[in-house]
Amino acid sequence: MKVAPSILAADFARLAESVSAVANADWIHVDVMDGHFVPNITMGPDVVAALRRETHLPLDVHLMVEEPIRYVEAFAKAGADRLTVHVEACRHVHSTLQAIRTCGVRAGIAYNPATSVSGIEYILHMVDLVLVMTVNPGFGGQSFLSETLPKVSEVAGLRESRQHEFEVQVDGGITLETIGLVAEAGASVVVAGTAVFKASNPQKAIEELRKGMSAKE
Ligand code: DX5
Ligand code: ZN
C-alpha cells in the first residue's frame, strides 16, 4: 500500500522544502492542469524538472490536460517516472499509452467520477496504473465522492481476475475518515494533498494514512 502526497496542496514558493518534508512518501504526485480539460491551471514540465533535482522519490505525474499525447515527451524528458492520462481527454487512448511507454515511462489511465470503465479490457495490458478519481478533477480539498467506491472494487476485481499487476490508485478527498473505505474496496495507492501538506507534521500524516490503509487490508 502506497501513499503519494500531491504537491498541489504544498506551498508553491517552497516546493523543495515541501518534497523534503514528505521524504517517507512512496511517490510524489504532481497535478498538471491546463485550464481546458479542467478549469484550473497549475504547472508544466519545467516544474517536474525542478522537482526531479530535489527528490529521488518517483514522480507520479497526473496529466489533466486535453490531448496529453502532445506533452508526453516533454514530461518524460523532465524526469517523470509515471504519466497518467485521462480517458476523457485522449482522442486516441491506445496511441497515447503507446507513446508514454515508448518514452520508457510507466503509463496510467484515469477515469472521472462519471466515466465507466467499459473498454478497459483492451488497454489493460498497456497500463501500469488505473486511477479512479474520487472527486471531479481540477481542485484540491474537495469532498470524497462515495459513489466512486464500486468502481474501485470493479477495477481491483479486474486486476485479480485477469491476473494483472497494475496499481489501483484513488485521488481526491482522501482523509483518515475515507482511507478505510478505499482500502477495503481494493486501492493500492492513495493520493493525498490536503491530508498531508496541510497537516502540522506531513511525515506523521503519511504514517497515519498508511496505518489506516493496512487496518483494512
Ligand atoms: C484533483 C487532483 C488531486 C488533488 C487531491 O484534481 O488530481 O490530486 O490534489 O487533493 P486532496 O487530497 O486535497 O483532495
Ligand atoms: Zn491528481
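Let's start at the ligand: 20 residues surround ligand 1, and the closest are D31, G138, D171, G193 and T194. Here a residue counts as near if one of its heavy atoms lies within 4 Å of the molecule. Keep in mind that this is a predicted model, where local features need pLDDT of at least 70 and side-chain atom pairs count only at pLDDT 80 or more, while totals for chains, interfaces and linings use all residues. Residues are numbered from 1 along each chain as its sequence is written, chains are lettered from A and ligands numbered from 1 in the order in which they are written, and side-chain values use heavy atoms, with hydrogens and water left out.

Now look at the glycines. A backbone N or O atom of G138 sits 2.8 Å from an oxygen atom of ligand 1. G141 has a polar backbone atom 2.8 Å from a ligand 1 oxygen, and for G193 a polar backbone atom is likewise 2.8 Å from an oxygen of ligand 1. Ligand 1 taken alone exposes 380 Å², and the protein buries 99% of that; these areas come from the Shrake-Rupley method with a 1.4 Å probe.

Next, find strand β8, residues 189–192. Strands are DSSP runs of E at least two residues long, helices are H or I runs of at least four, and both are numbered from the N terminus. V189 and V191 point one way from β8, V190 and A192 point the other way, and all are buried. Buried means under 20% relative accessible area, exposed means over 50%, and partly exposed is in between (1.4 Å probe, protein chains only).

What does β8 pair with? Strand β1 (residues 2–5) pairs with β8 in the parallel sense over four bridges; strands pair if DSSP finds at least two bridges between them. In this pairing V3 stands opposite V190. Strand β7 (residues 167–171) also pairs with β8 in the parallel sense, over three bridges, and there Q169 stands opposite V189. To get from β7 to β8, the chain crosses through helix α6 (residues 179–185), a right-handed β-α-β crossover. With the strands pointing away from you, that path runs clockwise.

Finally, the cysteines. C90 counts as buried because its relative accessibility is 9%, whereas C103 is partly exposed at 31%.

Technical notes
A polar contact is a pair of N or O atoms within 3.5 Å; within protein, one must be able to donate a hydrogen and the other to accept it, and residues adjacent in sequence count only if both atoms are side-chain atoms.
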